[in-house]
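Subject: Structure handover

Hello,

I am passing on the structure we spoke about, with notes on what was found in it. Please open it alongside this message.

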Amino acid sequence: MGRTLQNTMINLGLQNACDEAVYQLGLDMEELEEIEEDAGLGNGGLGRLAACFLDSMATLGLAAYGYGIRYEYGIFNQKIRDGWQVEEADDWLRHGNPWEKARPEYMLPVHFYGRVEHSASGAKWIDTQVVLALPYDTPVPGYMNNTVNTMRLWSARAPNDFNLRDFNVGDYIQAVLDRNLAENISRVLYPNDNFFEGKELRLKQEYFVVAATLQDIIRRFKASKFGSTDSVRTVFDSFPDQVAIQLNDTHPAMAIPELMRIFVDIEKLPWDKAWDITKRTFAYTNHTVLPEALERWPVDLVEKLLPRHLQIIYEINQRHLDHIASLFPNDVQRLRRMSLIEEGDTKRINMAHLCIVGSHAVNGVAKIHSEIVKTQVFEDFAALEPEKFQNKTNGITPRRWLLLCNPGLAELIAEKIGEDYVRDLSQLTKLQEFVDDDLFIREVAKVKQENKVKFALYLEKEYKVKINPSSMFDVHVKRIHEYKRQLMNCLHIITMYNRIRRDPAKLFVPRTVIIGGKAAPGYHMAKMIIKLINAVAQVVNNDPMVGSKLKVIFLENYRVSLAEKVIPATDLSEQISTAGTEASGTGNMKFMLNGALTIGTMDGANVEMAEEAGEENLFIFGMRVEDVTWVDRKGYNAQLYYDRLPELKQAVDQIKSGFFSPKDPNLFNDVVNMLFHHDRFKVFADYEAYVKCQEKVSELYLNSKAWTKMVIRNIAAAGKFSSDRTIKEYARDIWHVEPSDLKIPPPNEPRDAGQDKTPNGTAA
């Protein structure tokens, strides 16, 4: 979520008033804002996407709730010591959190372990351990519409009789100390991005948020006029018309068997009725195609922790497979591929399959990704129910990612096309008219230069490196992962360094290369990549032959509040994942909206950015998905590229020989060995095209006016990538709700006054 203060002031239309009031008290608002801790309760794009969606849902007047876990410790703070990543606990609640309100009156029990008893009256889950879920509510204000939605985060609490009910007569002190065991559930965020770690505590977290949330939803449904009771029992027929639940990846997949358990075991609905309601309630968003990221929980673990849910999953699977067998008799291979249960050394539950079978809609997050989901990853399921599979291209909120972080550019745009674009970003196309306006071109360049000077000062303060603010700011910020290919960027840096040293007199377009991002603590290769970047920076930044032509900075502790500083100052945005691996990306959109040009592969939303702006206005290079498939089929041979490309050979040899690690020449052996022998993401295969494309970038940068005109074309084409557009599509195609552009009257006005404020009607 990042910080809340400035976002709240902007959405309430109070920023100028607050700035002025605080100034009159002799304080500086920006200094105050820097005191607030980031709420870092997610890992990367998936968590930040949810945050943007909350902002858009409130702005569109949707009655929507965001549910999650109130982690005591969020994503770790990253320190760089001697070039290595070191993790520190993120004690973000140390000074309290003024934005949250505990709601103990809505506390709910969540059950674990135990056993299942079957009788004539149905199944009973008994002898369970109980953990209480305490909700904390954070307000989510819409932009200038007086709507405030709720983000409800659950915190784990031990019941007061925890460990004191049973045999535990003597050791009262130990019993109280053991309360921590229950409360550990919401202690810490698992720091993996695009990687599945099948730990019991993680499964507990996933079920905890799901069980608490579903009880909360059902409580609210029963309290509404729709939860009509027929002789004591609630009638749930209208449930899917009143409730839509979007599963953000498979992490909350246990919601499917949990809702079935509530309907069948507790509310005593017949299976078929319960299943129909469940399917119509859930929709599933897939966020990755990397096999190591797909959740596959061991059956033994689920049986121990959630015995009734395992039985329900088996029943869902049986009926699912019976259906397929009726359509494809004797196709045992198809049954094996489509089963929710994977047989092997350890039986596992494929959570993505559970989500597909238990949802009425499945979507990817960019056109190319949704195609891959349909034609490759889940092709059997898409063949069965093609109408179930959709695309919803991701977006970003223009409130945080333009108004808040880049007020200079936001104001400049408003001067040209008015202020309405903030709620309807498609209006940015009006900027096309000004692409040849010399004054506007100069003003856009001036705003960028001011942002760069400000960020350069920040870097000099934090990193004690002298930055040339007229150099090209070449920025690569995102989680560190092999598929995102920070290594390819690193090879390009080494290549530029070698070119400067080979011919110091030759014209070189000065660059400040900024790389930032966190590596999962257990991801050895990602940590080696960070060390390599820092080792290269050490050599490059201290070589007098290079001087101010090339500087390399690894940005420590990349997070939302730091993104808000670096993105508006960026000239070149690096989006260089191997085609077919980045589901969408959203950083790419933030840079585009903030006046950076993109160097990137035809992957994720880059494809649609090129479609919107014209491919000639992005620096597109490298293999397409088809080329990657072809290389895979013939077998990727890294050695061939190394032998054929002298500059690549030189760079790799320098890493291998210890040029960047003279005290430990073998330090980067693992990295080099990976690049040659098991590089799934084919860095060498795209190196040549990447370097050539970077030469084109430098050439254009020399012509400031042509560069800025291309920037304006990009900003003018960024409208599609508002999360408002994305949410309107979810609302229309999946949730079947109507966004409202009604402005609720503020609390100090009589209730009917608001009707005159804006014409009645709904948003497109």
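In helix α19, the buried residues are Phe-440, Ile-441, Val-444, Val-447, Lys-448, Asn-451, Lys-452, Phe-455, Ala-456, Tyr-458 and Leu-459. Please keep in mind that this is a predicted model. The helix α19 runs over residues 438-463, 26 residues in total. From its first C-alpha to its last it reaches 36 Å, close to the 38 Å expected at 1.5 Å a residue.

Both ends of α19 have something to look at. Asp-437 caps the N-terminal end, with a side-chain oxygen 3.0 Å from the backbone nitrogen of Leu-439. After α19 comes Lys-464, and its phi is positive, near 50°.

Next, the charged pairs. Side chains of opposite charge can pair when their charged atoms come close. The structure holds 64 salt bridges, and a few are described here.

Glu-100 and Arg-70 form a salt bridge through their side chains, at 2.8 Å from N to O. Glu-100 sits in the loop between β3 (84-88) and β4 (101-102), and Arg-70 in the loop between β1 (65-69) and β2 (77-81), so the pair ties together parts that are 30 residues apart in sequence. Glu-100 and Arg-70 are both buried.

Glu-183 has a salt bridge with Arg-179, and the closest N and O atoms are 3.8 Å apart. Both residues belong to helix α6 (residues 179-183), where they are four residues apart, about one turn of the helix. Glu-183 has a relative accessible area of 17%, and it is therefore buried, the cut-off being under 20%.

Lys-466 pairs with Glu-460 in a salt bridge whose closest N and O atoms are 3.5 Å apart. Lys-466 counts as exposed because its relative accessibility is 62%, while Glu-460, at 22%, counts as partly exposed. Elsewhere, salt bridges that share partners join Arg-103, Glu-105, Asp-137, Arg-152, Asp-216, Arg-219 and Arg-220 into one network.

Last, a pair of helices. Two packed helices are described by the angle between their axes and the distance between the axes. How do the axes of α20 and α29 cross, and within what distance do they come? The axes of α20 (residues 486-502) and α29 (residues 683-702) come within 10 Å and cross at roughly 55°. The two helices α20 and α29 are therefore oblique to each other, and their crossing is right-handed.

Regards

Key: Residues are numbered from 1 along each chain as its sequence is written. This is a predicted model: local features need pLDDT of at least 70, side-chain atom pairs count only at pLDDT 80 or more; totals for chains, interfaces and linings use all residues. Side-chain values use heavy atoms; hydrogens and water are left out. The expected span of a helix is 1.5 Å times one less than its number of residues. Buried means under 20% relative accessible area, exposed over 50%, partly exposed in between (1.4 Å probe, protein chains only). A polar contact is a pair of N or O atoms within 3.5 Å; within protein, one must be able to donate a hydrogen and the other to accept it, and residues adjacent in sequence count only if both atoms are side-chain atoms. A salt bridge is a side-chain nitrogen of Lys or Arg within 4 Å of a carboxyl oxygen of Asp or Glu. Axes are lines fitted to C-alpha atoms, for helices over the stretch in contact, and angles run from 0 to 180 degrees between N-to-C directions. Angles under 35 degrees count as roughly parallel, over 145 as roughly antiparallel, 65 to 115 as roughly perpendicular and the rest as oblique. A crossing is left-handed if the near helix is turned anticlockwise from the far one by less than a right angle, and right-handed if clockwise.
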